[in-house]
Each structure stands twice: as C-alpha cells, then as structure tokens.
Amino acid sequence: MARKRRKADNHPGELNLTAMIDVAFQLLSFFLLAIKPVDVFANLDAFRPSPEKTNVSIPSSPMIKIMVLPQNPGESGTYVVNDVALTTAQTEAKLKRYAETDTTQTILIMCAKRSTHKQLVDLLDKCAKYKLTNLSVVSSAGI
Amino acid sequence: MRKKEEPYLTGNLTAMIDVVFQLIIFFVCAISMQNNTNDESITLALAPNGVAETEKNPREVRVDVHKDGSLSIAMQPIKAELLGAILEKTVADFGGNPDAVPVILRGDMSVLHEKIQGALDACSQAKIVKIRFAALKEKGS
C-alpha cells in the first residue's frame, strides 16, 4: 500500500524587523542631534623673503608696496598702497585695477607690528579674489 | 491527528548588528581623533576667496599662534627659538629642500603681527620662504 504523503502547510517567509528599525531610528536621531556642520578651511599662500634676499630683489623689478597699519577698535583696516593711505574698499578697488593689468606682478605686504593678523588675512583674501598670486609678506621695523 | 506547525523562516541578525555597531564606534572615534589635531581655541579670520583645503599633506607643519602670542605645534606649546630648530631639522630630514616642508600658520585673528613675526622668523631660520596662512573659508555653524 502506497504511503500517503502529507502535504505540509507553507507559511510565507517572515522576518521580524521591528527591533532593527527601532535601532535604525535611534541611530538616525542620535546623528541628527550630534552632527555639527564642519568648517571649511582655506590656505592663503605668500612668500616670506629672508632679509638678505629682500634687499636684493626690491630694486630689480617694479612692485606694489602695501603697508598694513595698526587698526583702532571699531575702525576698518587702513592700508598704505604705494605711499597713499587708503581705506579697505579703496584698497580693494586698487587691487582690482592691478589685477586687470597683470596678475603676476609682485606685491610686497609690509605688516606693522601692532597690526592684527586679521588685517593681513583680509588683504591676502582680497588678493586671492583678484588672482594676485605673487605676494610677499614682510614685517615692518617701526610702529 | 493534529498537524505539527512549522516554524517561521527567521534570520539571525545579531552578528550583523554587532558588526554594524563596531563600525559605527570605530568611525565615531576616528573622526573625533582627526578633529583634535586642530586647536579649537584659535579663531581664524574669514577668507571666502582662499583656496579650500582639500587634503592634508603628511609633511606639513601646522604652527598655531594663540591669542596671547604663544606658539604650539599639534597642541604642544613651543618657543619660537625651538620652532626654528624643529623646522631646520624637518627640512634636513626631507633632503634639505625647504619647499618640501609646507608650513601652515594658524594665527588667531586678533593676535598682533609682532607675535606672528616670531613664527615667520623661525621659518626664515629654516630657509622656508613659502608660508600658508590658514583661514576660514566657510563657517560650519
């Protein structure tokens, strides 16, 4: 007598995902609360000529001399471009004009001892804006 | 006779979740360690037109100039005279080529130039003429 084969009940495959989804939401909430936007840093390149080299290179080619003067609290930076005192906006306009002529000309930035680092960075940033790349930073002996 | 119920098809996710957590812990720790190399006490000036820093050169030397004028490298306080000697040694280690050692100067925006001058003179001592001034291109928060 042939054996009767019993037909097995087929249950559809099922995974319990509740716990995993709970954890996923926990993680999502954690990262949303914990994450803080990252600062983007920039580098502003400049040359720092050694004292001996500065003496040699100054007379060799025409260059733009910008002096960074000390800043009084609450005032915008003051710069002296080729012996003419200018405000920040005027200096920017001057740099724009220089860049329209030649972006490779040498700019000698002379920082007064009491000027802030922010003033130097602002000036370097303006030079970067107009693609003026040949920048030298020296420290002024006075002030 | 009552039919015997077959168990539902289940997957054991314990091992996978363990691995996922291990990975999360690893990345969270690695990211926070990387952030610690930058001194958060220094307020950098904004330079929206500067070239964005995309990758770090393993040879670069980051010199921090704090508000009070003190210098540090990798969060370790250092004197200007010693900085010059360290830079000279670093240049010598890279075949005496000063251009092979990029120096990034991270100066606080309010620090006076006379304090920055110490770090710049140390670079001159090591014959390093190309200096990178660090700034903030975009503020995150």
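**Where the two chains meet**

Guide: Let's start at the interface of chain B and chain A, where the rule finds 21 residue pairs in polar contact, both residues of each pair being at pLDDT 80 or more. Keep in mind that this is a predicted model.

Visitor: Which parts of chain B touch chain A?

Guide: The elements giving two or more residues to that side are helix H1 (14–35), strand E1 (51–52), strand E5 (103–107), helix H3 (113–125) and strand E6 (130–138) of chain B. The largest share, nine residues, comes from E6(B). Sorted by class, that side of chain B has 29 nonpolar, twelve polar and 14 charged residues.

Visitor: What makes A:Arg114 and B:Glu114 a salt bridge?

Guide: Their side chains meet at 2.7 Å, N to O. The cut-off is 4 Å between a side-chain nitrogen of Lys or Arg and a carboxyl oxygen of Asp or Glu, so the pair counts. The count between chain B and chain A is three salt bridges.

Visitor: How many residues are in contact across the two chains?

Guide: On chain B there are 55, in contact with 42 residues of chain A. The area buried between the chains is about 4,400 Å², and carbon and sulfur atoms give 58% of that.

Visitor: What is the angle between H2(B) and H3(B), and what is the handedness of their crossing?

Guide: They pack at about 35°, with axes 8 Å apart, and the crossing is right-handed. On the H2(B) side, the contact is made by B:Ala80, B:Glu81, B:Leu83, B:Gly84, B:Ala85, B:Leu87 and B:Glu88. H3(B) brings B:Gly118, B:Ala119, B:Ala122, B:Cys123 and B:Gln125. By class, that contact has seven nonpolar, three polar and two charged residues.

Visitor: Where is B:Pro98 found, and what does B:Pro98 touch?

Guide: B:Pro98 is in the loop between helix H2 (80–93) and E5 of chain B. Not counting residues up to four places away in sequence, B:Pro98 touches B:Val91, B:Ala126, B:Lys127 and B:Ile128. B:Lys130 is 32 residues from B:Pro98 along the chain, with 8.5 Å separating their C-alpha atoms.

Technical notes. Residues numbered from 1 in each chain as written. Chains lettered and ligands numbered in written order. Predicted model: local features only at pLDDT ≥ 70, side-chain atom pairs only at ≥ 80, totals over all residues. Heavy atoms only, no water. Contact = heavy atoms within 4.5 Å. Buried area = accessible area lost by both parts, 1.4 Å probe. Polar contact = N/O pair within 3.5 Å; in protein donor to acceptor, adjacent residues only side chain to side chain. Helix = DSSP H or I, 4+ residues; strand = E, 2+ residues; numbered from the N terminus. Nonpolar A, V, L, I, M, F, W, Y, C, P; charged D, E, K, R; others polar. Axes fitted to C-alpha atoms, helices over the stretch in contact; angles between N-to-C directions. Left-handed = near helix turned anticlockwise from the far one by under 90°.
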